[in-house]
Amino acid sequence: MRGTKSPSEPGPSLPVLAASEPPAFGFLFDIDGVLVRGSQVIPAARDAFRALSDARGRLRVPVVFLTNAGNCLRKAKAEELSRALGLQVSPEQVILSHSPLRLFGQFHQKCVLVAGQGPVEENAQNLGFKHVVTIEALRKAFPLLDMVDQSRRPKELPPPTTDFPTIEGVILFGEPVRWETSLQLIIDVLLSNGNPGAELEDIPYPHLPVLACNMDLLWMAEAKMPRFGHGTFLLCLENIYKKVTGRELRYEALIGKPSTVTYRYAEYLIKQQAEKQGWKSPIRRLYAIGDNPMSDIYGANLYNSYLKSGCESILVCTGVYRHNADVPSNPEECVTETAFHGHRDFCFDPSLVEASYVVQDVNDAVQLAFKKENWN
């Protein structure tokens, strides 16, 4: 690591921002493992946002909440954060894993299969997709496809479905509930070129476009150990496709951290926020605070490295990374990856999982940024 701050060092009280001191920096906050653990707020998060707010509860610097979660609406996540942090968070401050899909207009008129959980159909429509088919709608139209759970198999042979639209692309929002159903039906769609009720002839390759959001192998909730994320589901899908076809599953786009398109979108929202507040200073530096070296830190460093954007990564110890440990005394020995947990399509570079700073929690991260920006 390039630097650390002792978690026991107290942060100074901060004055209300004067009009002559517009911020030249902004924050990108991960949520799970940084601000909350499952439904529980991490106490340091409220301390951090008290420091970030003025006497009237308004944020004194631009802030974006950058999460790989995607099983809810942007508005719902903003409301959840508002309750957790005790301040008003707007949907425009929240980037879910799928939020940058609104930039992929070339797919918005295509008939797409969407997989995940939560309001996937509404999310897709809010992002601009006009013709959406859910896994459940596909399963009901072709009941002979989903055969693992014997209790869901049809008792009688159903009549063939003849008026179902041809699927032209697949959007993977996040991990589904019934993995076997989604894995089977997505493979069926890819092998049949979007017509899963047809008899299989030649396997098409390249296959239909696949866009995937959230590559996290693991994430941190209330359990003591990390839980499977959407990256684990993608790993299953990729390996099944390769085992069946002998070829690699290819993605049209990978969205969410650590993808640079997500950080570009976050920087755009930070600058837009500053302009709306009338802060005239250009935003020169972003502080990306996260708990997962393979998504939060990798993504921030990748964005900084490729675009020279002035993005500093700060790793906290309240989530996936060393969530029960203190900040190590020797920063050179902080992160030792024994296994590459990143997505297959992102090459492992040890320097990209090396955070600019390691601190105990999000309040320490905010205080560190204030100190670097001379805001104490």
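**Cavity, cores and loops**

Tutor: The largest cavity is lined by Leu28, Phe29, Asp30, Leu66, Lys257, Tyr263, Ala288, Ile289, Gly290 and Asp296. A cavity here is a set of points on a 1 Å grid over the protein atoms alone where a 1.4 Å probe fits but cannot get out, and lining residues have an atom within 4 Å of a point.

Student: Before going on, what kind of model is this, and how are the residues numbered?
Tutor: This is a predicted model, in which local features need pLDDT of at least 70 and side-chain atom pairs count only at pLDDT 80 or more, while totals for chains, interfaces and linings use all residues. Residues are numbered from 1 along each chain as its sequence is written, and side-chain values use heavy atoms, with hydrogens and water left out.

Student: Back to the largest cavity: what is its volume?
Tutor: The volume of the largest cavity is about 50 Å³. Volume means the space filled by probe spheres set on the grid points, which are joined across faces, edges and corners.

Student: Which strand gives the most to that lining?
Tutor: S13 does, with 3 residues. Strands (E, at least two residues) and helices (H or I, at least four) are DSSP runs, numbered from the N terminus.

Student: And how does the lining of the largest cavity divide by residue type?
Tutor: Into 6 nonpolar, 1 polar and 3 charged. Ala, Val, Leu, Ile, Met, Phe, Trp, Tyr, Cys and Pro count as nonpolar, Asp, Glu, Lys and Arg as charged, and the others, Gly among them, as polar.

Student: Phe29 is in that list. What is Phe29 in contact with, leaving aside its neighbours within four places in sequence?
Tutor: Its contacts (heavy atoms within 4.5 Å) include Leu35, Phe49, Val64, Ile289 and Val366. Phe29 is also among the residues with the most contacts inside the largest nonpolar core, which has 40 residues. Such a core is a set of buried Ala, Val, Leu, Ile, Met, Phe, Trp, Tyr and Cys residues joined through side-chain atoms within 4.5 Å.

Student: Where else does H8 turn up?
Tutor: In the second largest pocket, where H8 (293-307), H2 and strand S10 (218-219) each supply at least two lining residues. A pocket is an open set of grid points with protein on both sides within 12 Å along at least five of seven lines. This one has a volume of about 480 Å³. Of its 30 lining residues, the closest to the centre are Asp32, Thr67, Asn68, Ala69 and Trp219.

Student: Switching to H6. How far does H6 reach?
Tutor: H6 (residues 230-245) reaches 22 Å from first C-alpha to last, close to the 22 Å expected for its 16 residues. The expected span is 1.5 Å times one less than the number of residues.

Student: What do the buried residues of H6 pack against?
Tutor: Strand S8 (169-172), helix H5 (179-191), strand S9 (210-213) and strand S11 (227-228). Just after H6, Gly246 takes a positive phi of about 80°.

Student: Which residues have a positive phi although they are not glycine?
Tutor: Asn193, at about 60°, and Asn214, at about 70°. Asn193 lies in the loop between H5 and S9 and is partly exposed, with a relative accessible area of 38%. Asn214 lies in the loop between S9 and S10 and is buried, at 8%.

Student: And where are cis peptide bonds found?
Tutor: One runs from Tyr205 to Pro206, with omega near 5°. Another joins Lys257 and Pro258, with omega about 10°. Pro258 is in the loop between strand S12 (253-255) and H7, and Lys257 is one of the residues that line the largest cavity.

Conventions
Buried means under 20% relative accessible area, exposed over 50%, partly exposed in between (1.4 Å probe, protein chains only).
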